[in-house]
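Here are my notes on the model, point by point. Please read them with the coordinates open.

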Amino acid sequence: MAACKPIPVETGTPGEPTASTATASDPELEAVARRIDPGQRPPLDEVLPTWLKNQFDPGMHDPKSAESVAAAIEGIAEWGRVAGLVEDVERGREDPQTVYVGAMKLGAGVLLAERAVAAGNTDPGLLAALSRAYSAVHRLGENGGRTLVRLAPAGTLSSAQLDAATAAARTIAEHAAALQMHVTARVLREHPQHPAVSEVLHDASLVKLTAEQYAEAVSLRQLAVARMGDRATGSQFGMLAILCYRALDLPCADLARKTAEERGPDVAGEAGAAVFKQRLADLDALAETARKAMVPAQSFEQKVARGHLLRELGRLRDAEEVFTALRAAHPNDARPLTGLAVLAIRRGLHEVLPQIRAARELAGRDRLYYELALGTVAPLVINELATSAGPSAELDARFEEVLELIRGYREFDPARAAVLELLGTTARSAFAKLMADKRDAAIALFRKLPEQALALTKKFPESGDTWRLLYFMARVTAGQDRARALVTAPVPAALLQRDSDLRLQRARALVDLALSWEDRTLLAAATQAAAELPASIAAKDVAIVRATLDAVSARDGDRAAAERALVVYMALAERTTGRERAIALNNAAVMAAQLGQAQAAATLLARAHEAAPGESTPSYNTSALAFGQGATEALAEQFAVSARDSPIATLRLHARAWLVALADAGQGDGPALRREFAAALADEKAGAIQGTLRPGRWGVVEENGQKVWVAYSTREGLLLIDEVVPRWWLIVPAPTFDALVAAPAKKRATRP
């Protein structure tokens with residue numbers, strides 16, 4: 001009841017006890033504070049390497065000011081909004097800049113909060129935010145600094161700095177954990193009745209869980225939930241159940257799971273119910289794992305299986321003990337060594353590869369061995385390809401190593417092995433041709449992939465991997481009719497029903513090919529596929545697909561579609577940062593202009609430029625809308641910059657077409673600009689790998705995030721990522737574009 005009371009506003013000097021802080025102590029929380037408090041530690045402000053701190057140091061702020069405290073809390077909250085996107089960054093589904101900016105704001109928030117606390121501020125919200133920030137730093141450091149390495153934009157940090165960050169990560173993580181325990185103890189002592197108590201107890205339990213101190217972790221989490229009383233949600237009880245299952249405390253876990261189901265989903269509606277149902281299913285799977293792990297193992301196979309069950313529960317030390325003992329007792333079997341290699345992933349690829357290669361000569365290579373080996377050796381080859389100056393015997397040996405692993409993997413997953421083999425053999429041949437300066441021959445190999453992928457879908461129709469490859473490669477099909485046939489090939493209904501990601505890839509491919517060929521039949525199919533996307537798909541992904549289709553309808557005069565798209569893009573702009581925010585704001589601006597809101601469009605484009613100053617599309621649209629308003633001064637220079645610097649071929653061509661429109665209005669050499677457009681069009685077509693050069697007349701251009709990657713996830717196993725994550729920018733098409741495209745075609749037809 002005390003925790004539900006309104007929080008009084010503090011009026012005292014920072015650091016001095018006030019009416020709100022002078023509350024009676026809580027014996028239970030006092031005891032917890034004594035147990036977990038490691039004592040005062042130097043703040044991260046004094047521990048972080050100077051070069052790293054300089055990446056996000058907020059500079060001179062008055063630590064006692066309300067503005068400084070608000071900035072600290074907001075910076076820490078920003079990381080909470082983007083932390084869940086790290087895995088999407090790794091898969092190419094999210095812009096790394098978005099998460100990197102969040103990490104920098106987290107760092108700045110930590111420094112500001114530490115300085116405010118050092119200056120005497122004892123506000124419970126600030127202390128709770130600092131505890132949350134230390135928890136985030138601890139988790140980031142626990143992965144050996146790899147997140148920072150993956151997120152840092154090229155050129156931001158030197159290779160020496162990245163190596164230093166990786167080396168220092170564990171030390172920083174341990175220091176952050178101690179700081180978090182101390183701040184948590186302060187909240188428990190100084191603000192025992194504040195709602196933040198439950199939150200800091202929850203975060204403290206995560207640190208104890210990482211340290212595999214299970215009894216303490218369970219105790220802290222149980223106390224956190226108990227302090228919330230009736231306010232504890234189904235998800236919070238579900239999280240308690242997860243921890244108890246990992247602690248092998250089945251009575252605690254089963255009761256928490258039952259209570260979670262009784263409390264129900266946190267979010268009302270169909271989407272919230274679907275997410276909650278999946279969480280309960282995941283809990284049940286975890287419960288089964290915990291029960292199996294508690295069964296005594298007798299045979300070698302049972303002990304290997306138990307080691308992996310413990311690993312799945314996160315009990316890594318227990319699992320390592322099991323595999324180490326089995327390795328000593330069975331030195332000629334690959335399975336204990338494979339188990340140790342899986343555990344070594346958290347320490348980095350450099351520790352996994354020697355064990356995987358040592359296991360290659362042993363008996364007992366199972367599915368896990370091949371998946372782990374492919375997920376670690378294949379990325380090594382991809383990296384070497386990206387940095388290679390040309391063919392070499394060593395690189396060819398690496399290719400052969402991967403192909404040999406794929407052949408061994410056929411026994412366990414023939415469909416996925418077939419996809420990997422097709423990609424591997426094509427990459428090997430294409431790389432050799434590219435290095436021999438035979439670009440056309442290399443492209444010809446890729447042009448064969450759509451039909452080869454279609455053949456695999458017929459051989460393995462129930463495999464999502466074969467269909468994903470088809471949708472990925474359909475973009476390079478030359479010929480509208482063939483592209484339409486490939487992307488609309490009938491998929492088994494049962495496969496679509498159980499594989500929601502495949503439905504998203506199918507919808508994206510339909511949109512892409514409809515835009516590429518300006519095909520109304522494909523547009524209708526894309527609209528239907530988008531309408532049928534299930535609630536289990538990330539809401540942002542669904543919203544982007546549907547808003548893009550609405551934007552196309554808006555160009556046809558559908559005002560309601562424009563209004564829907566505008567609402568979606570504005571909502572996306574509020575939830576994103578960096579390039580993703582710039583795209584949302586740019587697209588909202590084009591829709592606002594479509595609705596006759598010229599001033600709003602100009603403001604949104606200015607905000608898009610601020611979100612990502614290096615992006616050329618907002619500048620292009622600013623110039624195009626200015627032309628429509630009759631303000632043509634200095635537009636020639638701006639369009640010339642877009643024509644030169646944009647990474648999107650279609651936008652470069654439309655910028656040149658606007659230059660011709662300016663010339664027709666009396667600003668520029670029309671004949672010369674027309675010749676330049678014709679030459680640029682020919683160059684763009686010659687350089688295009690996709691089946692056609694997107695015209696852009698429907699007002700959408702695309703910056704494809706094409707990604708082919710193989711990796712290993714301790715949670716999901718072998719990951720085969722072959723998808724296009726499209727970034728659709730809306731533009732104002734140039735009115736001269738059609739005539740310019742038609743003109744050089746007629747001229748070339750008269751040549752011998």
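1. Leu 403 sits in helix H20, residues 393-409. Helices here are DSSP runs (H or I, at least four residues), numbered from the N terminus. Leu 403 is buried at a relative accessible area of 6%; buried means under 20%, exposed over 50% and partly exposed in between, with a 1.4 Å probe and protein chains only. Beyond its neighbours within four places in sequence, Leu 403 is in contact with Gly 424, Thr 425 and Arg 428, where contact means heavy atoms within 4.5 Å. Phe 446 is 43 residues from Leu 403 in sequence and 19 Å away, C-alpha to C-alpha.

2. A word on the source. This is a predicted model: local features need pLDDT of at least 70, side-chain atom pairs count only at pLDDT 80 or more, and totals for chains, interfaces and linings use all residues. Residues are numbered from 1 along each chain as its sequence is written, and side-chain values use heavy atoms, with hydrogens and water left out.

3. Ser 135 belongs to helix H7, residues 124-142. Its relative accessibility is 1%, so Ser 135 counts as buried. Gln 180, Asp 203 and Leu 206 are in contact with Ser 135, neighbours within four places in sequence set aside.

4. Helix H23 covers residues 464-473; ten of its ten residues are buried, so the rest of the structure largely encloses it. Among them are Trp 467, Arg 468, Tyr 471 and Phe 472. Ser 463 caps the N-terminal end of H23, with a side-chain oxygen 3.3 Å from the backbone nitrogen of Asp 465.

5. How do H13 and H14 cross, and at what angle? The axes of H13 (residues 250-263) and H14 (residues 270-293) come within 11 Å and cross at roughly 165 degrees. That makes H13 roughly antiparallel to H14, a label for angles over 145 degrees, against under 35 for roughly parallel, 65 to 115 for roughly perpendicular and oblique for the rest. Axes are lines fitted to C-alpha atoms over the stretch in contact, and angles run from 0 to 180 degrees between N-to-C directions.

6. Two loop residues deserve a look. Asp 437 has a positive phi of about 60 degrees although it is not a glycine. Asp 437 lies in the loop between H21 (414-435) and H22 (439-459), and counts as exposed at 70% relative accessibility. Glu 518, also not a glycine, has a positive phi near 50 degrees. Glu 518 lies in the loop between H26 (500-517) and H27 (520-531), and counts as buried at 18%.

Conventions
Polar contact = N/O pair within 3.5 Å; in protein donor to acceptor, adjacent residues only side chain to side chain.
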